[in-house]
Amino acid sequence: MQNKFKLKSEFEPAGDQPGAIKSLVEGLKEGEKHQTLLGVTGSGKTFTVANVIEKVQKPTLVLAHNKTLAAQLAQEYREFFPDAAVHYFVSYYDYYQPEAYLPVTDTYIEKETQINEEIDRLRHAATQALLTRKDVIIVASVSAIYGLGNPEEYEKVNLKIETGMKITRADFIRKLIGIYFERTNADLTPGKFRAMGNVVEIMPVNEKVIYRIDLEGSTITEINKIDAISRMILEANIKSFFLFPAKHFVTPEDEKKRATADIKAELTKQLANFKRAGKVLEHERLKRRTNYDLALIKEIGYTNGIENYSRHFDGREEGEPPYTLLSYFPKDFLTVIDESHVTVPQLGGMYAGDRSRKKTLVEFGFRLPSAVDNRPLNFEEFEERVGQSIYTSATPGVYEGENSKNIVEQVIRPTGLLDPEIDVRPVVESKHRGRTSVYKGQVQDFIEETEKVVKKGGRVIATTLTKKMAEDLSEYLKEKKIKAEYLHSDVKTIDRIEILTEFRKGKFDVLVGVNLLREGLDLPEVVLIGILDADKEGFLRSETSLIQTIGRAARNVEGRVILYADKITNSMEKAMSETNRRRKLQIAYNKKHNITPKTIIKAIKDITEQMRTEHEQSVATLLTIDKELYKKNPKKLIAQKEKAMEGAVKILDFETAAIIRDEIKVLTQKK
């Protein structure tokens with residue numbers, strides 16, 4: 001636990017950053033519970049916070065309001081702290097349909113999920129880092145306040161494997177199964193193991209490497225850490241290593257028996273309540289469902305929806321909050337709430353919606369009353385569990401303003417960049433030519449401006465009011481021979497990040513979105529932003545939203561914004577006034593210090609590389625290597641590959657066989 005944060009950067013704090021760092025560190029040392037960093041877009045708020053983390057040396061939780069922003073922040077903190085444990089913790093669902101009942105239509109909706117195994121691996125890596133080191137930064141979404149297994153049980157139920165350990169092969173396998181590892185004869189993936197003769201190979205749930213354990217009789221004689229794909233030895237003759245459980249929810253056998261008895265007692269009580277109330281259907285429904293779940297838990301230790309019984313398995317009292325990611329942090333840790341004007345309300349809104357849905361399920365006999373305690377933390381519980389907090393935003397909300405004694409303003413950018421110039425244009429423009437009127441709408445004007453920017457190699461963002469409008473505009477731009485893509489909440493997590501990376505790389509020129517494009521997205525290539533229907537007053541065109549959207553163009557020296565509006569709304573007036581106030585301060589600072597603004601130069605890195613499996617990366621590598629051979633003789637190459645795949649199968653090397661199989665699949669599609 002002696003690891004220390006050591007920030008690595010070619011830049012030194014500049015502009016308003018040195019003063020902000022000093023003020024925030026002093027506030028933390030003086031015990032301030034709440035502080036706010038009011039930093040304009042592109043002023044380097046993340047770099048400021050990284051400097052604060054280095055100076056206070058505390059494990060840190062960084063909360064972001066969506067997965068895409070969390071991914072970007074995780075990448076940035078990894079660059080600042082390459083030797084520290086920087087991890088990404090978000091919901092592991094690519095798709096999630098919660099269990100629900102709609103009484104009006106008598107419709108029951110079964111829980112349906114699609115779990116992303118790579119993200120689950122990253123979640124395990126995060127919790128294990130918190131239990132084993134001090135230099136830890138966890139960048140998390142609102143998933144941080146949802147139920148997670150008891151950290152004490154998770155830490156307690158681990159397996160120390162060491163050379164010279166006395167254990168039979170059968171007992172060793174039983175111990176692995178006891179901490180929820182699954183046996184396989186095929187590819188090893190995190191949380192699985194395979195046994196071949198006197199060799200057992202394990203892939204831990206938190207890293208994509210294999211530990212190869214050799215046994216002679218009832219003794220472990222050798223442990224090697226090997227690469228999962230190349231099979232090269234990464235570390236030979238390891239003396240020992242710890243293996244954490246393959247699941248966060250860990251329940252010892254005696255606790256499982258106690259929990260089962262508690263569930264039965266609660267069932268008896270609730271059935272009696274239904275009987276007294278004359279609710280025959282609800283009585284029968286709950287009885288069958290709960291007894292079925294109990295039978296599965298007894299036989300296989302698991303049932304779909306087992307989290308609804310988590311209060312009993314955790315041994316919590318009624319109403320007591322669940323264990324969450326926050327439970328894994330040590331007592332004295334730092335909390336950074338990024339884009340707090342969005343993240344704070346989001347944290348506060350999770351509890352009520354979840355409780356309403358659960359109460360309906362309980363009322364109609366689909367779940368026991370204890371299911372209500374499988375929930376996110378309410379905001380008061382969250383406040384009690386977090387450490388000293390720093391809120392970062394260009395537009396802090398009411399909560400931050402009321403609670404922060406220290407509000408640090410960071411308006412001057414180290415690059416000298418100014419807030420963008422704003423141009424207001426009509427939604428529908430009428431031009432008279434003789435006796436006829438020619439109408440040019442906002443879309444046509446936006447296209448003309450876009451073509452000018454793209455011709456010079458710049459990128460463009462358009463924001464619309466709805467997802468449908470974003471999709472339609474994207475298609476219309478493509479019809480006009482402009483390379484465009486849309487981005488909104490229906491796009492999967494990894495796909496969102498890939499789209500943003502491709503946008504920065506210039507694979508397309510225009511990104512169309514709704515509100516996902518506002519906070520925290522670092523896109524220095526963006527020269528122009530078109531805000532369509534800017535005068536439609538509401539959440540998406542509020543003062544805060546407009547300031548945030550305008551800020552996306554503040555990372556490029558040529559950045560500018562066009563507001564399409566037929567009237568100047570109150571929100572537009574305030575947003576333009578604040579932007580102009582900041583511009584004046586920035587221009588004065590640049591003049592005083594003889595600074596020439598420069599566009600931010602930022603390396604384009606793709607966090608999806610970490611989220612893809614080793615298998616996918618290996619297939620991609622092989623395709624790159626074999627590209628030239630394929631051009632010369634496609635049939636010959638595929639025949640060679642098929643022979644190599646068969647050879648791998650014969651020696652039971654299923655991993656290599658699977659990689660070659662998938663490469664053949666891609667090559668065949670190219671024919």
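# Notebook: cavity lining, ring pairs and salt bridges

I sorted the residues lining the second largest cavity by class and got four nonpolar, four polar and three charged. The model I am working from is predicted.

**Entry 1, cavities.** Rolling a probe the size of a water molecule over the atoms shows where empty space is left. I counted seven cavities of 30 Å³ or more. For the second largest cavity I noted a volume of about 60 Å³. I then listed its lining: Val40, Thr41, Ala394, Arg413, Asp419, Ile547, Gln548, Ile550, Gly551, Thr579 and Arg582. Which helix gives the most to this lining? Helix H16 does, with four residues. Helix H16 spans 543–551, and H16 and H17 each supply at least two residues of the lining.

I followed Arg582 from the cavity lining to its salt bridge with glutamate 578, where the closest N and O atoms are 2.7 Å apart. Both residues sit in helix H17 (residues 570–593), and being four residues apart they are separated by about one helical turn. Are the two partners buried or exposed? I found glutamate 578 buried, and arginine 582 buried as well.

**Entry 3, other salt bridges.** My count for the structure came to 39 salt bridges. I looked up glutamate 255 and arginine 258, whose side chains meet in a salt bridge at 3.0 Å, N to O. Both belong to helix H7 (residues 253–276) and are three residues apart, about one turn of the helix. Glutamate 255 is partly exposed at 26% relative accessible area, and arginine 258 is partly exposed at 28%.

Next I took aspartate 533 and lysine 536, a salt bridge with its closest N and O atoms 3.8 Å apart. Aspartate 533 has 9% relative accessibility and the cut-off for buried is under 20%, so I logged aspartate 533 as buried. Lysine 536 is partly exposed, with a relative accessible area of 41%.

I searched the whole structure and found 11 aromatic pairs.

I then checked phenylalanine 379 and phenylalanine 382. Their ring centres are 5.8 Å apart and their planes are at 35°, so this pair is tilted. The two residues are three apart in helix H11, which puts about one helical turn between them. Phenylalanine 379 is buried, its relative accessible area being 14%, and phenylalanine 382 counts as buried at 4% relative accessibility.

I traced ring pairs that link Tyr101, Tyr108, Phe364 and Phe366 into a cluster. One of its members, tyrosine 101, has arginine 285 over its face, at 5.9 Å from the ring centre.

How values were computed:
Residues are numbered from 1 along each chain as its sequence is written. This is a predicted model: local features need pLDDT of at least 70, side-chain atom pairs count only at pLDDT 80 or more; totals for chains, interfaces and linings use all residues. Side-chain values use heavy atoms; hydrogens and water are left out. Rings of Phe, Tyr and Trp (its six-membered ring) pair if their centres lie within 6.5 Å; planes under 30 degrees apart count as stacked, over 60 as edge-to-face and the rest as tilted. Buried means under 20% relative accessible area, exposed over 50%, partly exposed in between (1.4 Å probe, protein chains only). A charge sits over a ring if NZ of Lys or CZ of Arg is within 6 Å of the ring centre and within 35 degrees of the ring normal. A salt bridge is a side-chain nitrogen of Lys or Arg within 4 Å of a carboxyl oxygen of Asp or Glu. On a 1 Å grid over the protein atoms alone, a cavity is a set of points where a 1.4 Å probe fits but cannot get out, and a pocket is an open set with protein on both sides within 12 Å along at least five of seven lines; lining residues have an atom within 4 Å of a point. Grid points are joined across faces, edges and corners, and a volume is the space filled by probe spheres set on the points. Ala, Val, Leu, Ile, Met, Phe, Trp, Tyr, Cys and Pro count as nonpolar, Asp, Glu, Lys and Arg as charged, and the others, Gly among them, as polar.
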